[in-house]
Amino acid sequence: MDVVSDAISAVRIGEPSSNRVRVSGSWCIRLDPYDGAGFHVVLEGGCRLLLDGEPPIELGAGDTVLLPHGTGHVMADSRADPVPVDQAVPFDRWLDGREPHRPPAASGEVELLCGKYRLDRSRVHPLMAELPKVVHLPNRVGSHPELRLAIDLLGRELDEQRSGSCIAVPSLLDLLLVYIIRSWMAEGATGTWPAVLGDPVAAAALRALHSDPAAPWTNDRLAAEAGVSRPTLARRFTALVGRPPMAYLTWWRLTLAATLLRDTHDPLAAVARRVGYGTPYALSHAFNREFGTTPGRYRAEAAPGGDGSAA
């Protein structure tokens, strides 16, 4: 896999959810902080997004926003000035009285696609941690064609409860998250990880490590894969990523092991082989050193209703 796919897979749990809603007149809704990521797509009309202490973000038809850290926020009628934040209705209560779909919008109505992803922030990849509080992707002619197609497909699936929708909708929502992050990076995002993935040496090394984390990597072998000398790789990788290549590999192997323990029933020996450890004991020792708990206890605590009673 590639770095972006792995960064998402490491934290995403369960299935995403979404609602297509329509509202008109004067309205103001509040979405509380959430242990995951939320998104909104304006399908028709316009509205505002507000975060505490920050200027309102004006949203128009086709605009997409992602709140990758689950930050609480308010969505409101774009005509409200000032926005009556203290009177905002909780989203879940507001949603209870709405129909999932209605006939084509009348003038002045706003149609939104709202959703959220469940994320496990205990093992978050630094690429995901670096995302801003709000990723705003304005709708521009010719911009982000894949994102636009995903939104269109998702809207159609939500419009018509067709055969296979129970699989198609969660899959399209996952695709939407990938395209939002990809589009954010393509928009000239600043920060450590856009710089890392824009560097040919660091990016080549990361692609190799993520493509086959269980391989017997050494600094020499990785430098050859990146097409540079070992000192050049060590200098550029460490400066950009913040840790040496082999230290990053160890961290990623253990993060991947945690994901497999959480999401599969594979025995510890199989997990160890998949992440590059020769024996379950070697993995357990490294896992405990990195995370302060045993793989068995981690798996028990990560299970639904888990109490951590496993050794």
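Which helices and which strand each supply at least two residues of the lining of the second largest pocket?

**Figure 1. The largest pocket of the predicted model, with a volume of about 380 Å³.** Of the 20 residues in its lining, Leu31, Asp32, Phe91, Asp92 and Lys116 are the closest to the centre. Several elements contribute to this lining: strands E1 (12-23), E2 (28-31), E3 (36-44) and E9 (110-119), together with helix H2 (91-96), each supply at least two residues. By class, the lining of the largest pocket consists of eight nonpolar, eight polar and four charged residues.

**Figure 2. The second largest pocket, with a volume of about 320 Å³.** Here 15 residues form the lining, and Arg262, Asp263, Ala302, Ala303 and Pro304 are the closest to the centre. Strand E1, helix H10 (245-263) and helix H13 (295-302) each supply at least two residues of this lining. The largest share, four residues, comes from H13. In the lining of the second largest pocket, six residues are nonpolar, three are polar and six are charged.

**Figure 3. The largest cavity, with a volume of about 50 Å³.** The largest cavity is lined by Val11, Pro68, His69, Leu119, Asp120, Arg121, Val124, Met128 and Leu131. Its lining comprises six nonpolar residues, one polar residue and two charged residues.

Figure 4. Is Ser18 buried or exposed? Ser18 has a relative accessible area of 17% and is therefore buried, since buried means under 20%. When its neighbours within four places in sequence are left aside, Ser18 is in contact with Phe39, Leu113, Cys114, Gly115, Leu158, Val169 and Leu173.

**Figure 5. Ile181 and the nonpolar cores.** In soluble globular proteins, nonpolar side chains tend to be buried together. The largest nonpolar core of this model has 70 residues, of which Ile181 and Tyr248 touch the most other members. Neighbours within four places in sequence aside, Ile181 is in contact with Val4, Ile8, Leu66, Leu127, Met128 and Leu131. Another core, of 21 residues, lies apart from the largest one and has Ile29, Val42, Leu67 and Met75 among its members.

**Figure 6. An open sheet of five strands with mixed pairing.** The strands follow the order E5-E4-E7-E2-E8. Why is one side of E5 and of E8 left without a neighbour in the sheet? Strands E5 (57-59) and E8 (89-90) stand at the edges, and each has a single partner strand, so one side of each lacks a neighbour in the sheet.

**Figure 7. Strand E2 and its pairing with E7 and E8.** E2 and strand E7 (residues 73-77) run antiparallel and are joined by four bridges. Within this pairing, Leu31 has His73 of E7 as its bridge partner. With E8, strand E2 pairs in the parallel sense over two bridges, and Arg30 stands opposite Pro90 of E8. Leu31 also belongs to the residues closest to the centre of the largest pocket.

Note on methods. Residues are numbered from 1 along each chain as its sequence is written. This is a predicted model: local features need pLDDT of at least 70, side-chain atom pairs count only at pLDDT 80 or more; totals for chains, interfaces and linings use all residues. Side-chain values use heavy atoms; hydrogens and water are left out. On a 1 Å grid over the protein atoms alone, a cavity is a set of points where a 1.4 Å probe fits but cannot get out, and a pocket is an open set with protein on both sides within 12 Å along at least five of seven lines; lining residues have an atom within 4 Å of a point. Grid points are joined across faces, edges and corners, and a volume is the space filled by probe spheres set on the points. Ala, Val, Leu, Ile, Met, Phe, Trp, Tyr, Cys and Pro count as nonpolar, Asp, Glu, Lys and Arg as charged, and the others, Gly among them, as polar. Buried means under 20% relative accessible area, exposed over 50%, partly exposed in between (1.4 Å probe, protein chains only). Contact means heavy atoms within 4.5 Å. A nonpolar core is a set of buried Ala, Val, Leu, Ile, Met, Phe, Trp, Tyr and Cys residues joined through side-chain atoms within 4.5 Å. Two strands pair if DSSP finds at least two bridges between them.
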